[in-house]
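Work through these exercises on charged side chains. Try each task before you read its solution.

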Amino acid sequence: MDPNNKITIAIFSFDSSITNRIISNLKEIKLVAEIIVISDSEIGGDISLVQSSHPFSGDAIKKVIEKSSTNYLMFINGSRILEITGNGVEKFISEALKVDTGLVYSDYYEIEGGKNFNHSLIDYQIGSIRDDFDFGQCFLINADLARNCLPDLFSPKNKLYYSGLYDLRLTISRKSTLRRLPEPLYTIQAEEESSGSEKMFDYVDPKNREVQIEMESVATQHLKEIDAFINPTDKKIVNFNDKFNYEASVIIPVKNRVKTIGDAIRSALTQKTKFSYNVIIVDNHSDDGTTEKIKKIFSEDKRVVHLIPQRNDLGIGGCWNEAIDYPECGKFAVQLDSDDLYSNENTLQKIVNKFYDEKCAMVIASYMLTDFNLNEIPPGIIDHREWTDDNGHNNALRINGLGAPRAFYAPIIREIKFPNVSYGEDYAVALAISRQYKVERIYEPVYLCRRWEANTDASLSIEKLNENNFYKDSLRTKEIKLRQELDRNKIQ
């Protein structure tokens, strides 16, 4: 290793005792030329300080880049104790030396209960533009490239308090490659995990609204830079001229939900509407008594359609395709998960009214998070107000979810179809629809989303979380390429 290829370390400091332990480790590594601490308070010793109450702000990141005098700059999240060896640093630098590499990150070990566990990450894609992409607790960037990027970063007209690091990462991705080293190169101490529901929904916490708006502005500018931005005026007009026997269909895909399917069906059947509707239940070969319960309700109300697919390889998306292709599917196909309920008897009418009022191809409403007994639990109402009429279709590429319940104009969703998966199928079609058509929102909660131990997304392993995140990033990658193609065709 060339001795000139030393690095600067920048630590985001949130706890002085943790920061001091990290610094003590780093001072033993010869390849570390200097250490910069980003903190809202003074520090002692011979450590350089960037003082800021907003550590991830554009101003703080810019000062770190300008202070760095080495070819490479490593950022460390100082919220947890991190240890790295000289060999680990050397591997980071070796990867960074490759042509067209702007950022390097790696898997890591996590110590929990005295044991080391390999915490794997996922590879970066064009579609990995969400602001919560996991780079681990540290990553290395090409400092010369970062200095060259400064004119494109942190515009004084749009001061960034929370998304300076996000802006830097996206800018680097437009000019170079982001590489993952699939081996653990450092170790961190495990932290106490928050509850599954808190982790899943913390990004839509109302307290984060200011952060959301700022992140959206950075992501939108990135989409403009890579020619994947869609102007809202480019959307196709939707005309509801097709003839259907039913105005709407409530779609319930289900497998083994004997405890909840009765509540869901009754919630659908008690809707008060000015139009005729049916309830299409796609029973994906349940074997816990769910099928028998559906049959009993079916015998009591002829609005219930009980479909059992011939295929045995269907995910939730495949079950949706069975429902929307059914001849008696209504003009508007409206979601109701087998765990959940509509919050009142007017939900279906409100959703259909929204289609006609806005002439849109898709409606996404809002929901309240509850426990199994329908008691509200934190964070309560999820309304996804980060969606706006002007820019929701672009911002959708930054966030991981769009809300529920979702409803579709049947002819359009039949043309697009759902991917045959049980995670992200709704996100995939929402991206595709929003690329071409208007999507509208209902911001008042009309749906009760139950969280309980049988949810398919409860207590997921690292491996399953990685699989899910990689899949959604791949959807974004595909969508960005399609939007870039639209932009090229528009220019021609």
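**Exercise 1.** Classify Asp263 as buried, partly exposed or exposed, then examine its salt bridge with Arg450.

Solution. 
- Step 1. This is a predicted model. Asp263 has 25% relative accessibility, so it counts as partly exposed.
- Step 2. Its partner is Arg450; the closest N and O atoms are 3.1 Å apart. That is within the 4 Å cut-off, so the pair qualifies as a salt bridge.
- Step 3. Asp263 sits in helix H8 (residues 261-269) and Arg450 in strand E18 (residues 439-450), so the bridge ties together parts 187 residues apart in sequence.
- Step 4. Check Arg450. Its relative accessible area is 4%, which means it is buried.

**Exercise 2.** Find which residue pairs with Asp383 in a salt bridge, and state the N to O distance.

Solution. 
- Step 1. The partner is Arg385, at 2.9 Å from N to O.
- Step 2. Arg385 is partly exposed, with 43% relative accessibility.

**Exercise 3.** Determine which parts the salt bridge between Glu479 and Arg435 ties together, and whether these residues are buried or exposed.

Solution. 
- Step 1. The closest N and O atoms of Glu479 and Arg435 lie 2.5 Å apart.
- Step 2. Glu479 belongs to helix H15 (residues 462-491) and Arg435 to helix H14 (residues 425-436), so the pair links parts separated by 44 residues in sequence.
- Step 3. Glu479 and Arg435 are both buried.

**Exercise 4.** Name the residues linked in a network of salt bridges, and give the count of salt bridges.

Solution. 
- Step 1. The network links Arg130, Asp132, Asp473 and Arg476.
- Step 2. The count comes to 27 salt bridges.

Key: Residues are numbered from 1 along each chain as its sequence is written. This is a predicted model: local features need pLDDT of at least 70, side-chain atom pairs count only at pLDDT 80 or more; totals for chains, interfaces and linings use all residues. Side-chain values use heavy atoms; hydrogens and water are left out. A salt bridge is a side-chain nitrogen of Lys or Arg within 4 Å of a carboxyl oxygen of Asp or Glu. Helices (H or I, at least four residues) and strands (E, at least two) are DSSP runs, numbered from the N terminus. Buried means under 20% relative accessible area, exposed over 50%, partly exposed in between (1.4 Å probe, protein chains only).
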